[in-house]
Structures are given as C-alpha cells and as structure tokens.
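Keep the sequence and the model open beside it.

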Amino acid sequence: MKEQREGFRSFMQAALAEARAAALRGEVPVGAVVVSGDRVLARAGNRTRELADPTAHAEMLAIRAACAALGSERLIGCDIYVTLEPCPMCAAAISAARVARLYFGAADPKSGGVTVGARVFTHPQCHHAPEVYDGIGAAEAEALLKGFFAGRRG
C-alpha cells in the first residue's frame, strides 16, 4: 500500500520462520513478529489448535507478548510483521495496540481484514490506523500456505 521506508530492515524472515514452525505443529502456517527499532520484542506462530483457543492467532500472541515485555497495553512506535494479511480480529488488535506499521506478506482474499473484507483501518470507528506495507515475502508465505492446505486435502 505504501512504499518502503529509507533504511528499511525487514523482519519478515523471522515471521516466516514462525509460520514454518506453526506448520510443523499442525497449525495454519502464519507467523508474526513485533519489533521496536531493531529489537525483536515478541514472535509467535498460530496456536489455535494447540491451545484450543480461536483467538490464538500469531498476531494476537505476538501482541500479547510484546505488551507484556514492555509492561504496556500500547505498542507505540512498534512494527508488526505478519506472513498473512491480518483477519478483522487481528487488525482490530493491531489498531487497539497502536502499532505504528504493519508489514504483511500474502493477501487473504477469503478472511483478510485490511485490504479486503472488513477493511478495519478504514472504518470511522477505528481510532488508530497503522501504516500498511503489503506483499513483503508474499511468494514464500503463499507457498507455505498452499503447501499446508494441499497436504491436508491430499
């Protein structure tokens, strides 16, 4: 959606590593990393099945851990890297946490909440909209997801 910033350093490879680990656990391969500057505050992969918790998406877990690390309910100035476009629930959490920038890989035409579907950040009720950068590591994220679901169908 926006052009990358000058001096940009991507943490998408760390998010992809979390997605690969999630797949090995039998979870949908989505990973997320929250950073402050060059410091990783939290990283997580989906754990909805493992925790029997429909809210245990990678973004939610990473946001919770980053808030705990900072001792704050806000992640002012922080960035989140996610391998898949956040769903509406996760987009709302990103807004509530006041994350500065969202970087995501693959678009999610079925369940996305940022560029398709609910488009959470464009709603008048949205109190904070992060800068959004899409398509980062998209090919690898898409390949992980397609391979995971092909294996389930096969």
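## Cysteines

Cys78 is buried, with a relative accessible area of 1%. Buried means under 20% relative accessible area, exposed means over 50%, and partly exposed lies in between (1.4 Å probe, protein chains only). The model is a predicted one: local features need pLDDT of at least 70, side-chain atom pairs count only at pLDDT 80 or more, and totals for chains, interfaces and linings use all residues. Residues are numbered from 1 along each chain as its sequence is written, and side-chain values use heavy atoms, with hydrogens and water left out.

How many disulfides does the structure hold? It holds 0 disulfides, a disulfide being a pair of cysteine sulfur atoms within 2.5 Å. Cys78 is in none; its nearest cysteine sulfur belongs to Cys67, 8.3 Å away. Cys126 counts as buried at 18% relative accessibility. The sulfur of Cys126 is too far from any other for a bond, because the closest cysteine sulfur, in Cys87, is 14 Å away.

## Salt bridges

The structure holds 5 salt bridges. The criterion is a side-chain nitrogen of Lys or Arg within 4 Å of a carboxyl oxygen of Asp or Glu. One of them joins Arg43 to Glu18, with the closest N and O atoms 2.8 Å apart. Arg43 lies in strand β2 (residues 39-45) and Glu18 in helix α1 (residues 12-24), so this pair ties together parts that are 25 residues apart in sequence. Helices (H or I, at least four residues) and strands (E, at least two) are DSSP runs, numbered from the N terminus.

Arg25 and Glu50 also meet in a salt bridge, at 3.5 Å from N to O. Arg25 sits in the loop between α1 and β1 (31-36), and Glu50 in helix α2 (residues 48-51), so this pair too links parts that are 25 residues apart in sequence. Arg47 forms a salt bridge with Glu50 as well, and there the closest N and O atoms are 2.4 Å apart. Arg25 is partly exposed at 31% relative accessible area. Glu50 is partly exposed at 46%, and Arg47 is partly exposed at 28%.

## Around Glu18

Is Glu18 buried or exposed? Glu18 is buried, with a relative accessible area of 15%.

Leaving aside neighbours within four places in sequence, Glu18 is in contact with Val30, Gly31, Ala32, Arg43, Ala44 and Gly45. Contact means heavy atoms within 4.5 Å.

In soluble globular proteins, nonpolar side chains tend to be buried together. Here the largest nonpolar core has 49 residues, and Val34, Ile63, Leu75, Ile80, Leu102 and Phe121 touch the most other members. Helix α3 (residues 58-70) gives the largest share of this core, 7 residues. Such a core is a set of buried Ala, Val, Leu, Ile, Met, Phe, Trp, Tyr and Cys residues joined through side-chain atoms within 4.5 Å.

Take Val34. Beyond its neighbours within four places in sequence, its contacts include Ala62, Ile63, Ala66, Leu75, Cys78 and Ile80.

## Strand pairing

Strand β1 is largely enclosed by the rest of the structure, because 5 of its 6 residues are buried. Two strands pair if DSSP finds at least two bridges between them. β1 and β2 run antiparallel, joined by 6 bridges. Ser36 has Arg39, in β2, as its bridge partner. The hairpin of β1 and β2 has 2 residues between the strands, and Gly37 takes a positive phi near 65 degrees there.

β1 also runs antiparallel to β3, with 4 bridges. In that pairing, Val35 stands opposite Asp79 in β3. Strand β3 (residues 79-84) pairs with β4 in the parallel sense over 5 bridges. Asp79 stands opposite Arg101 in β4. Strand β4 (residues 101-106) is mostly covered, with 6 of its 6 residues buried.
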